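The stops below are given in the order in which they may be selected.

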Amino acid sequence: AATFYYTNMTPQQSNFNRGLWGKLEAFVRNNVPASDTLWVVTGCALTTPEHPTPLYASHNTYGGRIAVPRAYFKVLLRSSVRGTTPEDTTAECIGFWLPNEAPSSTKLNSSWAVSVNQIESLTGYDFFPGLSDSVEEKFDPALWKW
């Protein structure tokens, strides 16, 4: 029970986990060599604008009910300043917001990409407070290795 925290694992729809989410994790790994520094923030949302009510699954071991995330996100920031706080002039951002459901396609492409600002708006978090909103708002999928 001590390991069942959202920071360690979350319940994902199996086709989502083995499909689109797996492709997104591979996308992140493929972009590591193309970066001096790559920051990756991963998380989940228990509610979304489309589904404002949390979803619960029954589980006999962990208290009877487990909240199941409605969506998952990753935000990526790469910069040419090795390990230090990135600046607007060298920062490139991209975000992904994926519903926790069996996708119609497991192909990850730029249609899944969104701005970091959009994910910040959906979650209420400011992932990169040192960056301006104008940098977090723009994203160019062509700059990333697909």
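Begin with the lining of the largest pocket, whose residues divide into six nonpolar, three polar and three charged (Ala, Val, Leu, Ile, Met, Phe, Trp, Tyr, Cys and Pro count as nonpolar, Asp, Glu, Lys and Arg as charged, and the others, Gly among them, as polar). Select Thr-48, Glu-50, His-51, Leu-55, Val-68, Pro-69, Arg-70, Ala-71, Trp-97, Pro-99, Asn-100 and Glu-101 to display this lining. The space in this pocket is about 160 Å³. On a 1 Å grid over the protein atoms alone, a pocket is an open set of points where a 1.4 Å probe fits, with protein on both sides within 12 Å along at least five of seven lines, and lining residues have an atom within 4 Å of a point. The volume is the space filled by probe spheres set on the points, which are joined across faces, edges and corners.

The model is predicted: local features need pLDDT of at least 70 and side-chain atom pairs pLDDT 80 or more, whereas totals for chains, interfaces and linings use all residues. Residues are numbered from 1 along each chain as its sequence is written, and side-chain values use heavy atoms, with hydrogens and water left out.

Next, select the largest nonpolar core, which has 15 residues; Trp-97, Ile-119, Phe-127, Phe-128 and Leu-131 have the most contacts inside it. Such a core is a set of buried Ala, Val, Leu, Ile, Met, Phe, Trp, Tyr and Cys residues joined through side-chain atoms within 4.5 Å; buried means under 20% relative accessible area, exposed over 50%, and partly exposed in between (1.4 Å probe, protein chains only). Strands β4 (71–79) and β5 (92–99) and helix α2 (116–123) each supply at least two residues of this core, and β4 gives the most, with four. Helices (H or I, at least four residues) and strands (E, at least two) are DSSP runs, numbered from the N terminus.

Center on Ile-119: leaving aside neighbours within four places in sequence, Ile-119 is in contact (heavy atoms within 4.5 Å) with Phe-73, Lys-74, Val-75, Gly-95, Phe-96, Trp-97, Val-114 and Phe-127.

Move to Leu-24 in helix α1 (residues 14–31). Leu-24 counts as buried because its relative accessibility is 0%. The C-alpha atoms of Leu-24 and Phe-96, 72 residues apart along the chain, are separated by 8.5 Å.

Finally, select Glu-136 in helix α3 (residues 133–137). Glu-136 is likewise buried, at 0% relative accessibility.
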